[in-house]
Amino acid sequence: MSSREDEPDVPEGTPGPADDGATEENAPSEVHDLPEVPGAGANAFDFEDAKPPRRRRRSKVAMVVATALVLVMVVAMAVPVSRDGILALWCDVTGGVCPGEPLPPITEDEEIDWRVRVEPEEAALWGNYVSLGDSYSSGDGAGEYDPETAEPGECWRSENAYPKLIEQEFDFVGALGFYACSGHRGSQMLEQVGTSESQLERVTENTSLVTVGIGGNDLGFISVLRTCIVRVPLLERTGCTDQETEVEEKMDAFEETLTEVLGEIRDRAPDARVLVLGYPRLFPEEPPGMYYTLSNGDQLWLNTVAQRFNDRIRDTAYRVDGEVYGSRQVGSVEYVNVFSSLTGHEVSADDPWLNGIVLGELGEGLKVDRASFHPTAEGQRSVAERVRLQVLEGPERVLYQSRDRLESVSPEKLSRELGGPLDPVNGESEDEPATDEGAEEAAEADSDPDS
């Protein structure tokens, strides 16, 4: 399996705005935007001669402060200091709560802290593990499918998918709820809330770990690939890059979708560690030549699309987790970088860890179907290693859980809760709502004539 030492320069767990690993183009905007300084805008000196002396002095002071901040940030970005140094500087300037620092002490209104500080592995294992997402999380392409899901239009859940490997790796107090489904989109996850088909409804309050890999279908990545591939390359050289504008628009829209998805998960499982996965690189960093109809330039462009999309996913996860940490909430939202998890084993390698193009029957030509460009069992194992390390190491900040939640959880409660109340097999039905233990005892007492 791969290790984090093979990662590109993209951090994997630090919440907040700072991120050296991102390029300037894709880095979270908070890193580069200086705090607004009143009176130091473009019109700060308009009509200054008409201002009274006090106001002129304030304008000059504001300008000096703004200039000083600019100089400080320029020096920080120019001098090769560590990421922690830049992050600390940013936190000092903005006055925000910074990762890696203890939260402010409890207030006078709080007699005791309702939270408990926990280690990363403990924070992930005390409850149920729920896996959400699309085909990259369901294991489509990895073989050994659950027979009930291995039909056209179904979820294609594999025994070799990374959620099943994570379940085997760790001793969860609860169990795995494996609900990732091939073909699903983030927008679909939101649309299905309140129905028995909803993935999000499977997340419940005693969920300790959620993994979610979603967005590829919102971006239409397979259709983008199909447009790139199914063409005559000598006559249509820009079939890939002509999609740039549409791809960017879909990325913009998905940031809002993912924010809502993470909000829904947090609402249902506020104590959970939520691990948000990106997508792996499909082609080598330096393609050796044509891959079917894809030129070297096409392959590099597709790689950059995946990287830029991962940047959007990562930044969204950071923003949500920054709100969690800064507002003294429990749980976490963490990004898992799997971009380089297939390095050396891309589609054109001698030993690929993902499926290439699936060929149709004789005379049908090239066919790009659901399993194309999806990890094999070996690829899923490499992705699982990235997730495993994230579970063990956690984010680069402290983790908290609700004291009451940890004290009240039990294996019996976890078993009853797995799948959520709308689970058509194990959940409550609308006609026969489940009763708690107290209600069951009361019902027995009412039915006893001697009581």
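**Close-up views of a predicted model**

**View 1. Strand β6 and its parallel partner.** Strand β5, residues 273–277, and β6 are joined by five bridges and run parallel, in a model that is predicted. Within this pairing, valine 276 has tyrosine 335 of β6 as its bridge partner. The two strands belong, together with helix α11 (residues 296–326), to a right-handed β-α-β unit. Along β6, the side chains of Ser332, Glu334 and Val336 point one way while those of Val333 and Tyr335 point the other way, and all are buried. Since five of the five residues of β6, residues 332–336, are buried, the strand is largely enclosed by the rest of the structure.

**View 2. The largest nonpolar core.** This core holds 49 residues, of which Leu132, Leu262, Ile265, Val274, Phe283, Leu302 and Phe373 touch the most other members. At least two residues of the core come from each of β2 (128–133), β4 (207–213), α9 (221–229), α10 (244–268), β5, α11 and β6. Helix α11 gives the most to this core, contributing eight residues. In soluble globular proteins, nonpolar side chains tend to be buried together.

View 3. A second, separate core has 21 residues, including Ala161, Ala180, Leu277 and Val387.

**View 4. The disulfide of cysteine 155 and cysteine 181.** The count of disulfides in the model comes to two, and one of them is formed by cysteine 155 and cysteine 181, whose sulfur atoms lie 1.9 Å apart. The pair links distant parts of the chain, 26 residues apart, with cysteine 155 in the loop between α5 (135–138) and α6 (162–169) and cysteine 181 in the loop between β3 (176–178) and α7 (186–191). The link is left-handed, with -80° about the S-S bond. Cysteine 155 counts as buried because its relative accessibility is 12%, under the limit of 20%, and cysteine 181, at 6% relative accessibility, counts as buried too.

**View 5. The disulfide of cysteine 228 and cysteine 240.** Here the sulfur atoms of cysteine 228 and cysteine 240 are 2.0 Å apart, and the two residues form a disulfide. The pair links distant parts of the chain, twelve residues apart, from cysteine 228 in helix α9 to cysteine 240 in the loop between α9 and α10. Cysteine 228 is buried, with a relative accessible area of 0%, and a relative accessible area of 0% likewise makes cysteine 240 buried.

**View 6. Helix α12 and the glycine that follows.** Helix α12 covers residues 377–393, and its 17 residues, at 1.5 Å a residue, should span 24 Å, which agrees with the 24 Å between its end C-alpha atoms. Just after the helix, glycine 394 takes a positive phi of about 70°.

**View 7. Strands β1 and β9, an antiparallel pair.** Four bridges join β1, residues 115–118, to β9, and the two strands run antiparallel. Glutamine 401 in β9 is the bridge partner of valine 116. From β9, residues 399–402, Leu399 and Gln401 point one way and Tyr400 and Ser402 the other way, and all are buried.

Conventions
Residues are numbered from 1 along each chain as its sequence is written. This is a predicted model: local features need pLDDT of at least 70, side-chain atom pairs count only at pLDDT 80 or more; totals for chains, interfaces and linings use all residues. Side-chain values use heavy atoms; hydrogens and water are left out. Buried means under 20% relative accessible area, exposed over 50%, partly exposed in between (1.4 Å probe, protein chains only). Two strands pair if DSSP finds at least two bridges between them. A crossover is right-handed if, with the strands pointing away from the viewer, the path from the first strand over the helix to the second runs clockwise. A nonpolar core is a set of buried Ala, Val, Leu, Ile, Met, Phe, Trp, Tyr and Cys residues joined through side-chain atoms within 4.5 Å. The expected span of a helix is 1.5 Å times one less than its number of residues. A disulfide is a pair of cysteine sulfur atoms within 2.5 Å.
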